[in-house]
Amino acid sequence: DTAVSQTPKYLVTQMGNDKSIKCEQNLGHDTMYWYKQDSKKFLKIMFSYNNKELIINETVPNRFSPKSPDKAHLNLHINSLELGDSAVYFCASSPGGGVKNIQYFGAGTRLSVL
Amino acid sequence: GNSVTQMEGPVTLSEEAFLTINCTYTATGYPSLFWYVQYPGEGLQLLLKATKADDKGSNKGFEATYRKETTSFHLEKGSVQVSDSAVYFCALSDQGGNQFYFGTGTSLTVIP
């Protein structure tokens, strides 16, 4: 069983569309994250949820909205997609903070906005 | 604030060469330090970690020692293989919190 799974793996869409990426973890972790990785491999944290509550919300356009229906799921909805949103988006989870903060990553969703 | 700085790549080495990827950090308190590896087309996965000063993390022939006096956590491997070609990320978790900081990543290519 995949520990952190995200769908879809690839997403190609037109500018202006709205799309969602889903993430699920079966590790029993309390904390989940969304990261954006650009073409230079730079990783930027976008959001973090702990037990369904938002705890980190970095400077991200409000077109991006995370939703956590339960602590095993953290979905990312993107409105009015722009060319600059093209990137690989990674979901991750961790069992806790500090010394327990080992991040387990999904395989990524490659988003291409045309 | 907390941050991680790692050497820029790309790094290209011949098989069996010695590898060092430098990483330094800025943090308050006692952070935990990590190296993650990202193979082509995959997500990041934990390579090794150290949770206190002078700890040495090791895995798959890679090692890194948590040096508080120099605020460093350099990654080393004595003899790299082609299969080690990947992007390596140094990372920091702040003491007690949920904040996680990644370096900019260093791309390593090992040629036969």
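**Salt bridges, sheets and a buried glutamine**

With a relative accessible area of 26%, A:Asp30 is partly exposed, a class that lies between buried (under 20% relative accessible area) and exposed (over 50%), as calculated with a 1.4 Å probe on protein chains only. The model is predicted, so that local features need pLDDT of at least 70 and side-chain atom pairs count only at pLDDT 80 or more, while totals for chains, interfaces and linings use all residues. Residues are numbered from 1 along each chain as its sequence is written, chains are lettered from A and ligands numbered from 1 in the order in which they are written, and side-chain values use heavy atoms, with hydrogens and water left out.

A:Asp30 forms a salt bridge with A:Lys71, and the closest N and O atoms of the pair are 2.8 Å apart; a salt bridge is counted where a side-chain nitrogen of Lys or Arg lies within 4 Å of a carboxyl oxygen of Asp or Glu. Because A:Asp30 lies in the loop between β3 and β4 (31-37) of chain A, and A:Lys71 in the loop between β7 and β8 (73-78) of that chain, the pair ties together parts that are 41 residues apart in sequence. A:Lys71 is likewise partly exposed, with a relative accessible area of 35%. Side chains of opposite charge can pair when their charged atoms come close, and over all chains the structure holds 6 salt bridges.

In chain B, a salt bridge joins the side chains of B:Asp55 and B:Lys52, with an N to O distance of 3.3 Å. Another links B:Lys56 with B:Glu63, where the closest N and O atoms are 3.6 Å apart; B:Lys56 counts as exposed at 52% relative accessibility, whereas B:Glu63, at 33%, counts as partly exposed. In chain A, A:Arg63, A:Glu82 and A:Asp85 are joined into one network by salt bridges that share partners.

B:Lys56 also has a place in a sheet, where it stands opposite B:Thr65 in β8(B). The strands β7(B) and β8 (residues 62-65) of chain B pair in the antiparallel sense over 4 bridges, two strands being taken as paired if DSSP finds at least two bridges between them. These strands belong to an open sheet of 4 strands, in the order β3-β9-β8-β7 (chain B), with antiparallel pairing. Its edge strands, each of which pairs on one side only, are β3 (19-21) and β7 (56-59) of chain B. From one strand to the next the twist averages 15°, where axes are lines fitted to C-alpha atoms (for helices, over the stretch in contact) and angles run from 0 to 180 degrees between N-to-C directions.

Chain A contains 0 helices and 11 strands, where helices (H or I, at least four residues) and strands (E, at least two) are DSSP runs numbered from the N terminus. An open sheet of 4 strands in chain A has the order β1-β3-β8-β7, and its pairing is antiparallel. The edge strands here are β1 (4-7) and β7 (64-70) of chain A, each pairing on one side only, and neighbouring strands of this sheet are turned by 20° against each other on average, direction ignored. The antiparallel strands β1(A) and β3 (residues 19-25) of chain A are joined by 4 bridges; within this pairing, A:Ser5 has A:Glu24 as its bridge partner, and A:Gln6 stands opposite A:Cys23. The two faces of β1(A) can be told apart, with A:Val4 and A:Gln6 on the covered face and A:Ser5 and A:Thr7 on the uncovered one.

Chain A has a radius of gyration of 13 Å, which agrees with the value near 13 Å for a compact globule of 114 residues; this quantity is taken over C-alpha atoms, and the globule rule is 2.2 Å times the number of residues to the power 0.38. Along the principal axes, the C-alpha atoms of the chain fill a box of roughly 40 × 30 × 30 Å. Of the 114 residues in chain A, 45% are buried. Among contacts in chain A with a separation of 6 or more, 53% are between residues 24 or more positions apart, a contact being heavy atoms within 4.5 Å.

A:Gln103, in the loop between β9 (87-94) and β10 (104-105) of chain A, counts as buried at 1% relative accessibility. Apart from residues up to four places away in sequence, A:Gln103 touches residues of chain A, including A:Tyr35 and A:Ala92, together with B:Tyr36 and B:Phe100. Its side chain also makes a polar contact of 3.2 Å with the side chain of A:Tyr33. A polar contact is a pair of N or O atoms within 3.5 Å; within protein, one must be able to donate a hydrogen and the other to accept it, and residues adjacent in sequence count only if both atoms are side-chain atoms.
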